[in-house]
Amino acid sequence: MTTTVEPAGRKAGDTGTADPKAADPNPTDAEAPGRTSVDAKSVDVKSVDVKSAGTKSAGPGAPGDEEELPPPPADEEDIPVPPGAPGVLLRSLLGPHRGRVVAAMAVILLQQAALQAGPLLVAVAMDRGIPALRDDDAGPLIAVIGAYLGCALLGTVLQWTFIKISARVNQDILLELRGRIFRHAQRLSLDFHERYTSGRIISRATSDVDALRELLSEGLQELLTVFLSVCSISVILLVLDWRLGLVTLASFLPLWLVARSFRRRSRRVYRRSRTSAASLIVRFTETMNGIRPVKAFRRERANDAAFGVVNRQSATATADGLLEIARYVGLSRGTANVWTAGTVLLGAYLVTDGSVALGVLTAFVIYLRRLYDPIDQLAMFLNSYQSAAAALEKIAGLLAHEPTVAEPTEPKELPATSSLGREVHFEKTRFAYRTGKEVLPPFDLVLPAGRTVAVVGATGAGKSTVAKLLARFYDPTEGRITLDGVDLRDLAGPELRRGVVMVTQESFLFSGTVAENIAIGRPGATRDEVEEAARAIGAHAFIAELPDGYDTDVRKRGGRISAGQRQLVAFARALLADPAVLILDEATSSLDVPGEQAVQRAMRTVLAGRTAVIIAHRLSTVEIADRVLVMDQGRIVEDGTPRELIDGAGRFAELHQAWRDSLV
């Protein structure tokens, strides 16, 4: 069904149907139930509309959100991973470095050849050099010693070359991967960030990338070393003596079974370990970000208990991984020792009957130790591999997740216009969660260019949902929203953000100067333009009183200035952007009475001729609007000018009367 907005001054029919518990997807803190804000010039709609004050549900945004999220998955850490995504990601990372990877493999191959020549030279020295020395011929022994030293020097140089090449490749890959995660996280739609906490994304870019770093910097070298050692030594052992060689190769079967068991068991352990590591970061960042309410409501003990749970889970997962390594090393080392003892006994017997030379047996034993010694290295590689594989899977799942609010394949441009504002048209627009829960039933709404429209209503009425659909933080489930006839979904991101700017209740400031934070609205703006925007909004006076004026560093989250001052800076930022459509989502809630009056005086000037949508609880904010929409349970139930609605007998008139009574 469709809710059509009637002409100004008339009451809109309640023809739509909405879930009575549905609400805005990310409302402001001011809309939280139980909060009243009464001052000399304003009254919180929520405080006087008792019938509409339902219980608050946890919304998808910051604390204080209006509406209820659909039930979270059993494990919020699990982002679906498309089949083959980890392999695709790994190939895309290695592709640009294919030449250097091949060069590194060639270097390590030569290094292994130089390394494995040592035992053969020992055998030559024992079987030929020493007998020649007895005959007063030191030449063969000196040649063998020189060759041995040459191989050692060559191996050292090649090892240094391999580490240099591989280190550069590793750091380039990690640099690219961190950049991809950061860029992709910014590209993802708002609903993703509301569903998955920032701590989990931080875990992807930190602990998971570190797990890959350990594999790339150490694990791959160990794998190549082990692989080349096993292949070359196996061939050499068969050449030295095929009987002893076959006995040695028979040990590969039990060793392979032990390694396969370790890989299967540790895979589950390390997946759990990556999840628990992310949970630790989430719990820690959540507590530190909310340190003020933690202290205000004495949550330290409860938070400590909650952190202790995830901390123990992480410790248990790590301990299980170490136990798996210990089990693998013990079984593999025991198998190797038994096989070595048996091979040496067989070799001693063959030496006594003269079928094997003593030098050959000596070289064989050295090679045998070199064959089994990398078992510990293989354990370290498998440890790094399992951890990195779990981390790569998590990262691949994140990078494979596509934004729900996607960029258009064939973007359009807004038509040229001589006016400041643009016409906004909601056409059969409906919004519902993925679970099907309806927040806004289908409705039509036209916002004429250059007009200021205030949207009021109780908590959960759907006001902020309308604002976020207009800002295209979400796409409507059905219908469309147009700007001068162009569907918002057909506008590229930069074009849309130039045309539509939103100021929210939570004015986020970045570390940096006041001028830099205002200039975010238009990065190419001059210092004079920045100061002009601040003056227009009434922020110049307090900025000038700061220690360094516009060059004052506001520090993290703007903590050096008050909440009201941060709101003024956010207004100046939006005005500097000079958008055709300006959305104010309860943007004056953090201002005191003098600050609010100053902002309202400035707004009357800067909003003139511009299309503006004001989501308001304070009725004092509504006075500057040309038109007022009253919403209830996702439907527009009243539409008119402030004076027409005040003179009527509807809900807005009741709210206005309650506000006047509160001033007595």
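**Entry 1: a loop residue**

I began with D484, which sits in the loop between β5 (478–483) and β6 (486–487). Helices (H or I, at least four residues) and strands (E, at least two) are DSSP runs, numbered from the N terminus. Before going on, I noted that this is a predicted model, where local features need pLDDT of at least 70 and side-chain atom pairs count only at pLDDT 80 or more, while totals for chains, interfaces and linings use all residues. I also noted that residues are numbered from 1 along each chain as its sequence is written, and that side-chain values use heavy atoms, with hydrogens and water left out.

What did I find for the phi of D484? It is near 50°, a positive value in a residue other than glycine. Most residues other than glycine have a negative phi. D484 is partly exposed, with a relative accessible area of 25%. I wrote the cut-offs down here: buried means under 20% relative accessible area, exposed over 50%, and partly exposed in between (1.4 Å probe, protein chains only).

**Entry 2: a strand residue with positive phi**

I then turned to K428, which is not a glycine but has a positive phi of about 50°. K428 belongs to strand β2 (residues 424–432). With a relative accessible area of 45%, K428 is partly exposed.

**Entry 3: salt bridges**

Side chains of opposite charge can pair when their charged atoms come close. How many salt bridges does a search of the whole structure find? I got 26. A salt bridge here is a side-chain nitrogen of Lys or Arg within 4 Å of a carboxyl oxygen of Asp or Glu.

I looked up R100 and D172, whose closest N and O atoms are 2.7 Å apart in their salt bridge. R100 lies in helix α3 (residues 98–134) and D172 in helix α4 (residues 139–187), so this pair ties together parts that are 72 residues apart in sequence. R100 is partly exposed at 32% relative accessibility, and D172 is partly exposed at 31%.

Helix α4 also holds both E176 and R180, four residues apart, about one turn of the helix. Their side chains meet in a salt bridge at 2.8 Å, N to O. E176 is partly exposed, with a relative accessible area of 32%, and R180 counts as partly exposed at 22%.

My next stop was D585 and K468, whose side chains form a salt bridge at 3.2 Å, N to O. Here D585 is in strand β8 (residues 581–585) and K468 in helix α13 (residues 463–470), so the pair links parts that are 117 residues apart in sequence. Are these two buried or exposed? D585 is buried at 1% relative accessible area, and K468 counts as buried at 3%.

I also found a network: R527, E531, R535 and D551 are joined by salt bridges that share partners.

**Entry 4: helix pairs**

Two packed helices are described by the angle between their axes and the distance between the axes. The axes are lines fitted to C-alpha atoms, for helices over the stretch in contact, and angles run from 0 to 180 degrees between N-to-C directions.

I checked helix α16 (residues 527–537) against helix α18 (residues 563–577): they pack at an angle of about 120°, with their axes 8 Å apart. That makes α16 oblique to α18. For the wording, angles under 35 degrees count as roughly parallel, over 145 as roughly antiparallel, 65 to 115 as roughly perpendicular and the rest as oblique.

For helix α7 (residues 242–249) and helix α11 (residues 358–372), the axes come within 12 Å and cross at roughly 15°. That makes α7 roughly parallel to α11.

**Entry 5: a surface patch**

Which residues make the nonpolar surface patch of about 320 Å²? I found L238, W242 and L246. Patches are made of residues with over 30% relative accessible area and no salt bridge; like charges are joined within 9 Å, nonpolar side chains (Val, Leu, Ile, Met, Phe, Trp, Tyr) within 5 Å. Accessible areas come from the Shrake-Rupley method with a 1.4 Å probe, and for residues only the protein chains shown count as cover. L238 lies in helix α6 (residues 198–240) and is partly exposed, with a relative accessible area of 32%.
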